[in-house]
Amino acid sequence: MEATAPLADVLAVNGAEKSFGAVRALAGVDFFVRPGECVGLVGHNGAGKSTLVNIITGGARPDAGKVLVDGRDETASYGIATARANGLRCVFQELSLCPNLTVTENARITHRSISGFGWRVRAEALIRQKLDEVFPGHGIDSRAMIATLSIAERQMVEIATAFSESDRKVRLVVLDEPTSSLDASLARQLLAYVRKFVASGGSVVIISHILGEILSTADRVVVMKDGRVVADRSAADFTVDSLVAAMGSVVRARDAALAAHDYTGVRPVLKRSSQGAIDFVAYPGEIVGLAGLGGHGQTDMLVSLYLAEGGDWISRKDGKVAFVAGDRHVDGNLPLWSILKNLTLTVLPDLTRMGLVHTGEEANVAKKWRDRIEVRTQNLDNPILSLSGGNQQKVLFARALATRAPVVLMDDPMRGVDIGTKQEVYAILRSEAAKGRTFVWYSTEMEEVCQCDRVYVFREGTIVAELRGADTTEENILSASFSERAA
Amino acid sequence: MSFLTAERLRLLVPVLSLALLLGAVFYLQPRTMSYTGLNLLFNLAVPITLATIAQMLIMMVNDLDLSMGTFVSFVACVTATFLQSDPIIGFLILAGCIAAYAALGVIIHLRNLPSIVVTLGMSFVWGGLAVLLLPTPGGTAPDWIRWLMTSKPPLVPMAIVASVLIAVVAHFVVMRSAIGVVLRGVGGNERSVQRAGWSVVRARALAYALAGLFAVLAGMTLVGLTTSADANIALRYTLLSIAGVILGGGEFVGGRVSPIGAVVGALTLTLAAAFLSFLRISPDWQIGAQGAILIVVLALRLALNRREARGTRK
């Protein structure tokens, strides 16, 4: 390609907006990638990175805005097929290989053009050559089934598959947390290859929670927050500290900065050691936050806390912990049941006389909780799905609060809940905590984490920081969530 | 990588259990160790093997076909009536059956329906159609099918030749061909296949159509052996085919299937019935005993799976 003419952007997104229900994931984003450029994309949970990547790869359509490929407006027909036809590839954060197929066979899935007689030989040569090129000395057998490979090996295969070329030239590769399961030396190999690929005219978008990696690899860094691009500058203009500062926001100062309690001598209600240096403890009447980027071990911690207190076989009448699920469609609602039955599920042992449910008492309990947390419904016998998302979530809260359990575990329960309901729930939590209940709250939203008395920040499966009282600020949480480790 | 890959280890259990059963049958009744003996022993395995492959193709895309038995019965009825009297209409009906299977795959995918429900419903449709066609047992097998099923190739009996042929063809289509990879990919990780730009609807329709084809062949070969048909002739095939797939190393979900294993599994199930008759176990106990054999083999499989899982967690 001649370098004299101004090069059109390989891909550009102009004014993209996208909402999921009440949640505005993208609020008008301008994003572009030039040929021969590596763009780093950073932002905290819910900043809109994943949604933007989804729009770039054609997996989702923007509600408004344009998608341009090489300067051509492709918005109308843009989809997975168009994206692929234009040489765009993506390595997703979660594994997107077929575990039941071999490395070679997975390469065939990606490359439609490798077909007909002798495809196996061609696919194998292609993937082996790319693996050797990106990760020299990788030691992966291309005939091995993916399910038999380690997590790191799978990620290497996925990356090599994305960079491999058959009929079309690969022009833009989106790497979403590509080094999350690679060790330092493999990560170095990958980043070196990215630089080589970029030097030869390709483009890369890299998302990572390791800021050192972004700063050393990317030419330009785009910082997102609350569905917007808040900074877009050359990587050389950023330092780790200034990046963290750019990601942060002016979260409303808390009404009253909570003083750090002194719990010396108080017996904790829950205790759990993590692999890291800091152990988890929770004291009565406390709201403990679990923070950090999504999927860094917070849910695992909640589940292990729950399983440690309850048996698999025998349900205890006086359980110590109650659980509020995050994904209410999957883990929370019983979609065919009424609001009442959904609400009283956890307290049924208390309402049972000689193996039968006392329906009068059940109705009383449900009514009491409807009034306390203000579930907006005329009739508790309506199906749970007749409620709005926020009210459904309230019912799930009531289900946990109605128990006598002194500890309530919450797995990011406010996802997709409107702001008004959130405020109501915060107030309920505060009043319950004042009565001596303990809450362990995993949240991906900074505002919620800042409501907590004490916060544990997770990174890569372990607790990396404990913040209390006035230290629970967005800035401290951000800098603990993102590793500074240089590549 | 060693010779004993996970896939080969998986195949070892069904192959060993088949060998063990065969040895036991030879020991109990040495006369079966002959051309005629083997043919008699495995004759009925041919339609079961074909039905098992059909079921395997459905299980490959994470679905389950509960109408296999009634569908094969219906095909048998068509074969013994229309295919015999009006071959053109007969073939058209059978082609329509395959198209119906493809359509089922499309409906199940597009409407996101559980395949168990849809095929359970279809089993009544096929069963009803079969009764309409042949209210009482009857009909006759077309001569050419009869000739095919009673042919005597030199050295190796027809049943063995047919089983090997079925295994080789199915292995080639499912495990070696380029399109077979995509079909198995749908079972393994539908989203990744979709992200690579493939049409999952088309893939599922193809898997169902292929299953329909093998099930049609099962019905035709069955009539070739029995000479006449009956609306309830193959009801056992639903569960036999599922057991055969699992016995042969397949999984209910995840696109992990093995055509060679499925054929071996179907042969093992047929042989288990013969083995029990040779033991002079009363027919009342035979089904229970067959179940016991299944449980033993599956327990072995489970033990191997655990070993495999431990191997992966490095």
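Good morning. I begin with one helix of chain B: the buried residues of H6(B) are covered by elements that include helix H4 (68-80), helix H5 (82-85), helix H7 (115-133) and helix H12 (200-226) of chain B. Please keep in mind that this is a predicted model.

Which residues of H6(B) are buried? They are Ile93(B), Leu94(B), Cys97(B), Tyr101(B), Ala102(B), Leu104(B), Gly105(B), Ile108(B) and His109(B). The helix itself runs over residues 87-110, 24 residues in total. At 1.5 Å a residue it should span 34 Å, and because its end C-alpha atoms are 34 Å apart, the model agrees with that expectation. After H6(B) comes Asn112(B), with a positive phi near 60°.

Gly105(B) leads us to the next point. Ala207(B) is in contact with Gly105(B), and also with Leu57(B), Ile58(B), Met60(B), Val61(B) and Leu183(B), when neighbours within four places in sequence are left aside.

From chain A, the core draws at least three residues from each of domain 1 (11-247) and domain 2 (270-481). As general background, nonpolar side chains tend to be buried together in soluble globular proteins.

I turn now to the contacts between the two chains. Here 22 residues of chain B are in contact with 24 residues of chain A. On the side of chain B that touches chain A, the elements giving two or more residues are helix H1 (6-28), helix H10 (178-188) and helix H11 (190-195) of chain B. H10(B) supplies the largest share, seven residues. By class, that side of chain B has seven nonpolar, nine polar and six charged residues.

Finally, chain A as a whole. Its secondary structure comes to 17 helices and 20 strands. The radius of gyration of chain A is 25 Å, close to the 23 Å given by the globule rule for 487 residues, and therefore chain A is as compact as a globular protein of that length. Taken along the principal axes, its C-alpha atoms fill a box of roughly 80 × 50 × 45 Å. Of the 487 residues of chain A, 44% count as buried. Among its contacts between residues at least 6 apart in sequence, 70% join residues at least 24 apart.

Thank you for your attention.

Definitions and conventions. Residues numbered from 1 in each chain as written. Chains lettered and ligands numbered in written order. Helix = DSSP H or I, 4+ residues; strand = E, 2+ residues; numbered from the N terminus. Rg over C-alpha atoms; globule rule 2.2 N^0.38 Å. Buried ≥ 20, exposed ≤ 12 C-beta atoms within 10 Å, placed from the backbone. Contact = placed C-beta atoms within 7 Å. Expected span 1.5 Å × (residues − 1). Domains from an automatic or database assignment. Nonpolar A, V, L, I, M, F, W, Y, C, P; charged D, E, K, R; others polar.
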